[in-house]
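Reader: I would like to learn how to read a few features of a protein model. Could we take them one at a time?

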Amino acid sequence: MAAKTGDDPDSLMALATVFCLRNLRKTMCYQGYRNKLCLRSDIFLPSEICDKLVNTYMELVHTDSNFEPQESFFQLFSDPRSTRLTRVQLREDFVRDRDLEAIRKQDLIKLHLTYCSNVSARSLKTLGCFKDTLVSLCLFGCSNIFYRKGGAPLACGEDNEEDDLANPVSRQALEKDFNFEGFGRLRLLNLGGLPDEIDVEPLLKTLTALTSLDLSGVQLARAAFLTQWKERMASLVLYNVDMSEELVSTLLELGKLRHLDVSRESRRTSKFKMTRKILTAIAQRLVNLVSLDISGHVMLDNCTVPHVKDAMGRASTEPCKSSIYPFQELKRPLQFLGLYDTTLCNVTHIPAYKVTGSKNEDQVLNAIEAYTEFRPELAHRAINQLFDIARIQHCSQLLRALQLVIAALKCHKYDKSIQVTGSAALFYLTNTDYRNDQSVRLRRQVIQVVLNGMEQYQEVTVQRNCCLTLCNFSIPEELEFQYSRVNQLLLKILEPARQEESIQRIAVHLCNALVCQVDNHHKEAVGKMGFVKTMLNLIQKKLQSRMCDQVMEFSWSALWNITDETPDNCQMFLNCRGMSLFLECLEEFPDKQELHRNMLGLLGNVAEVRALRPQLLTPQFITVFSNLLDSEADGIEVSYNACGVLSHIMFDGPDVWGMEEPLRDTVMNKMLDAIRSWDVTSRRNINYRSFEPILRLLPQGIAPVSQHWATWALFNLISVYPSKYCPLLIKEGGIALLEQVLELDSSHDDTKDMARKVMEQCENFKEEPMEINQGQEAANAQQA
């Protein structure tokens, strides 16, 4: 079967890189002095591998909670004789001054620092170590890099590992002496978010060879200095820069520009209006433009053709047909045109191949793609519009939409607005309407970013969105690769005493689904996380409120599932006052059938553990179980489960029955009466993964009633669900045990009669597929 789009496997390089990073001490490193991580002396790595290691390391630090950062990781790349770095991308607060200093001897060509607010002017000194080789530098959002820390400034090469934490950055200690003198090879520079106190003109004066410059959010006292690059500048980004007539005049002199971005966030106040005259001048004078972004600007006069003309013909990208008058002056269609948050995005004929806006899905996706990395405030709004498309209309570019939202959530793990809108969009993009189009790998990526959001934010909206999104997946199958992590997060959600009701309900539902139909080692591991205690705490709170709702019922159901064939979890249930809560719930909610079924199913699991049965063998509990034999709640389920509990207790023999009331024989007779009253064709609300607890009650004479209950259970299940349970019974050796029932004198006649019918049913089941196979073989022979 062909793989779905987006399901391509990771490259061997990517897999090996992640493996090495997760196992540094077993692959590349050893533990040195004071537990410092050191590179092995026989390791020599080229730049292709070193770059991949550093950049993947940063991704794992930010997106994988199970990945443990190494304090001295960057020191592994301190010696260019054994490791070569050329292209490095670092982001967020994790990066510190000492990390850059560790790699100061490397001949970096590209260094991108994004939102690294913990780097200070000390790192400006380190930048000087790269001036002879650096071609591309990004300092976007590094708001403190032009400020010194509390201590005295250090020269490049000096090291003080404790300085990063001991001396916070002081916004008063401005570094005024730095400039880019000597950075002769620098061609691409991003200084987005440069502090207002920095005068950008003298800072950049010596960079005569620049071809790409990003000054987003930088206030330009004088714009004329930009003309020094009029023969070279190919890309200029001035997002959220206050526009003026002087700046426009300067821009029109930069005739080599291929990309110009003068967009702004529309919510910022500005006196400047983007007029038809200005747009026309841009189209006429900047003849090399292939990309233009004017998003967020208000148009002073009418730049578009009349509506009647705009509506004529099919949408065209030809400039001569443009619905925007100024762009009729273009020599060819633009590759990219940013019109987000403008009225211009709504016209029909736009002379560009890729347009950002809010008119349709394509424009919205283009906006998310264009603005995610450096403009989360715009990406957040575009993702919100995608949410509406997925919820109300239909998303036709599902793969692209999912990949873009995933990328945004990864990139802005610490941005609450992105996490809220992104998780909401994922809920609708992963529901059943879109499920068939999604690959396993893509759905796993969704799960990982959802769990990242749950870890980072305890805020109600994010938690609810993430939990709801997880409900769109097949549980536990699709979550098994993150099984421990998702359970820990859900239990953490359920810890607060006053959790929001809807989140509590969804989280308990997920917990229940996660412990249903999983291996016992998974259940035992979750039990050790505090699962049993958490569920019982929820039950206790509901009892105090005298409320039997879905949270109460799901909690008992989850306990039923997690105690199945797991003695340790059954022990935890008893140790945490589980039986007291059982009695209280039974008394407080006598008519709640679903609740009774879940509680009795759980106690059936406890009763299967021989070492725990003495704790159930009290007059109070036996009387309660005996009375429940008469229950007609949920069909036969409550009566059946109560009888199952008693059957396991009876199996221990009369010697352990150390009570005068009720009498053992009285209870056994009542059990027989109950079993004989059940309809053997009853459809069941139960699911057996193994018959072992039932089968152990068959070959014995100490408690014929237990044997009778076990035989009835098998007869019912193989009669109603033969295709599911006949193979299971045969596989687990049940036929031989039923033959022993027939040989025992202590077995009741009606028990033996049921045993024969079970054996006949299984025999018939074995023969039917054989006849079909033989007929198929004959047909094949005739064809040959």
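This is a predicted model: local features need pLDDT of at least 70, side-chain atom pairs count only at pLDDT 80 or more; totals for chains, interfaces and linings use all residues.

Reader: Let us start with the helix. Which residues of helix α30 are buried?

Author: First the general idea: an α-helix has 3.6 residues a turn, so residues three or four places apart point the same way. Now the case. Helix α30 covers residues 722–731, and its buried residues are Y725, C726, L728 and L729. Seen down the axis of α30, these buried residues fall within an arc of 165°, so they line one face of the helix.

Reader: Which residues are exposed on the other side of α30?

Author: S723 and K731 are exposed there. Just after α30 comes G733, which has a positive phi of about 75°.

Reader: Next, the helix pair. At what angle do α13 and α15 pack?

Author: The general idea is to look at the angle between the two axes; under 35 degrees counts as roughly parallel. Here helix α13 (residues 398–411) packs against helix α15 (residues 440–456) at about 30°, and their axes are 10 Å apart. The two helices are therefore roughly parallel to each other. The crossing of α13 past α15 is left-handed.

Reader: Which residues make the contact?

Author: From α13 come L399, L402, Q403, I406, L409 and K410, and from α15 come L442, Q445, V446 and V449. Sorted by kind, the residues of this contact are seven nonpolar, two polar and one charged.

Reader: Which residues is S235 in contact with, leaving aside its neighbours within four places in sequence?

Author: S235 is in contact with T211, S212, L213, L257 and H259.

Reader: And where is L479 found?

Author: L479 is in the loop between α16 (460–470) and α17 (483–494). At 1% relative accessibility, L479 also falls under the cut-off and therefore counts as buried.

Reader: Which residues does L479 touch, not counting those up to four places away in sequence?

Author: L479 touches I447, L470, S474, V486 and L514. Take I447 as a case of sequence against space: L479 and I447 are 32 residues apart in sequence, while their C-alpha atoms are 7.6 Å apart.

Key
Residues are numbered from 1 along each chain as its sequence is written. Side-chain values use heavy atoms; hydrogens and water are left out. Buried means under 20% relative accessible area, exposed over 50%, partly exposed in between (1.4 Å probe, protein chains only). Helices (H or I, at least four residues) and strands (E, at least two) are DSSP runs, numbered from the N terminus. The arc is that of the directions from the helix axis to the C-beta atoms. Axes are lines fitted to C-alpha atoms, for helices over the stretch in contact, and angles run from 0 to 180 degrees between N-to-C directions. Angles under 35 degrees count as roughly parallel, over 145 as roughly antiparallel, 65 to 115 as roughly perpendicular and the rest as oblique. A crossing is left-handed if the near helix is turned anticlockwise from the far one by less than a right angle, and right-handed if clockwise. Contact means heavy atoms within 4.5 Å. Ala, Val, Leu, Ile, Met, Phe, Trp, Tyr, Cys and Pro count as nonpolar, Asp, Glu, Lys and Arg as charged, and the others, Gly among them, as polar.
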